[in-house]
Amino acid sequence: EVHRKDVRIGDTVIVRKAGDVIPEVVGPILALRPDDAMVWQEPKTCPSCGMPVVREEGESALRCISIDCPAQALERLLHWVSREAMDIDGMGEEIVGRLVELGRLSDVADFYTLTEDELANLDTGRLNKDGRPFKLGRTIATKLVAAIEESKSREFHRVLNGLGMRHVGKNTAKQIVEVYPSMDALAAASEEDLLGVHGIGEKVARGIWKFLRTPDNVDVIERLGRAGVAMSALPSEEVPGEKPLSGLTFVLTGSLSGLGMTR
């Protein structure tokens with residue numbers, strides 16, 4: 001679409017509202033195009049690790065194929081500590097990034113091996129006013145260790161979401177838990193079984209099945225279990241009766257005139 005409309009780097013473009021709300025780039029204003037405007041080219045390699053990128057059939061996104069990509073590793077770790085996943089308060093990008101840089105974090109199970117002493121003495125990579133390395137400190141370390149410990153009792157659907165399986169967000173994770181309330185039950189399910197979960201299609205089912213049969217992933221899950229992370233549904237996740245709309249989000253765009261809706 002970029003090439004079809006000849007939109008180049010540095011261009012000024014006209015944007016209009018398509019339909020009721022969706023913005024559409026009409027095209028560039030050629031009179032305002034700078035002399036050095038460059039034609040955009042899709043990247044062939046990952047900017048983080050240099051490995052080839054690919055586009056899956058039916059998708060627009062380009063993805064790195066390397067399982068050792070450091071950028072992906074960092075994002076997986078940040079996703080695990082995020083609010084929608086394990087909600088480890090205080091474990092932000094700066095701290096996680098520094099622990100990755102120092103080789104202390106490589107997968108999500110490593111969070112549960114961190115100690116208060118090593119976090120307190122963590123060199124953040126910044127300097128104090130007197131020029132000495134700025135350490136994280138005991139107060140922050142104590143809070144982080146407490147938050148990590150608390151995360152072990154998060155609901156099972158948060159664990160599934162936090163693992164970062166393709167196409168498995170918080171809503172899909174909840175739907176999975178309704179049918180497979182434990183990691184053992186989920187791991188034993190076939191692709192065909194997973195297709196029986198409401199909202200899961202062939203691509204998602206295949207992705208889950210492959211993820212749970214990848215040795216590195218199995219190792220991480222087993223280490224999480226040994227660390228005490230919940231690997232089965234908690235009482236708060238039990239579904240007393242059939243709820244066909246449970247976990248679904250409905251988004252209405254455009255005008256709703258004539259429906260008599262009030263705020």
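A crossing of helices is left-handed if the near helix is turned anticlockwise from the far one by less than a right angle, and right-handed if clockwise. This is a predicted model, where local features need pLDDT of at least 70, side-chain atom pairs count only at pLDDT 80 or more, and totals for chains, interfaces and linings use all residues. Numbering starts from 1 along each chain as its sequence is written, and side-chain values use heavy atoms, with hydrogens and water left out.

**View A. Helix 1 passes helix 2 in a right-handed crossing.** The two pack at about 135 degrees with axes 10 Å apart (lines fitted to C-alpha atoms over the stretch in contact; angles run from 0 to 180 degrees between N-to-C directions). That makes helix 1 oblique to helix 2, meaning not under 35 (roughly parallel), over 145 (roughly antiparallel) or 65 to 115 degrees (roughly perpendicular). Helices here are DSSP runs of H or I, at least four residues, and strands are E runs of at least two, numbered from the N terminus.

**View B. Trp80 and Tyr112 form an edge-to-face aromatic pair.** The structure holds one such pair, with 6.5 Å centre to centre and 90 degrees between the planes (Phe, Tyr and Trp rings, the six-membered one for Trp, with centres within 6.5 Å; under 30 degrees is stacked, over 60 edge-to-face, the rest tilted). Trp80 sits in helix 1 (residues 70-81) and Tyr112 in the loop between helix 2 (93-101) and helix 3 (116-120), so the pair ties together parts 32 residues apart in sequence.

**View C. Lys5 lies in the segment before strand 1 (8-9).** Lys5 counts as buried at 16% relative accessibility (buried is under 20% relative accessible area, exposed over 50%, partly exposed in between; 1.4 Å probe, protein chains only).
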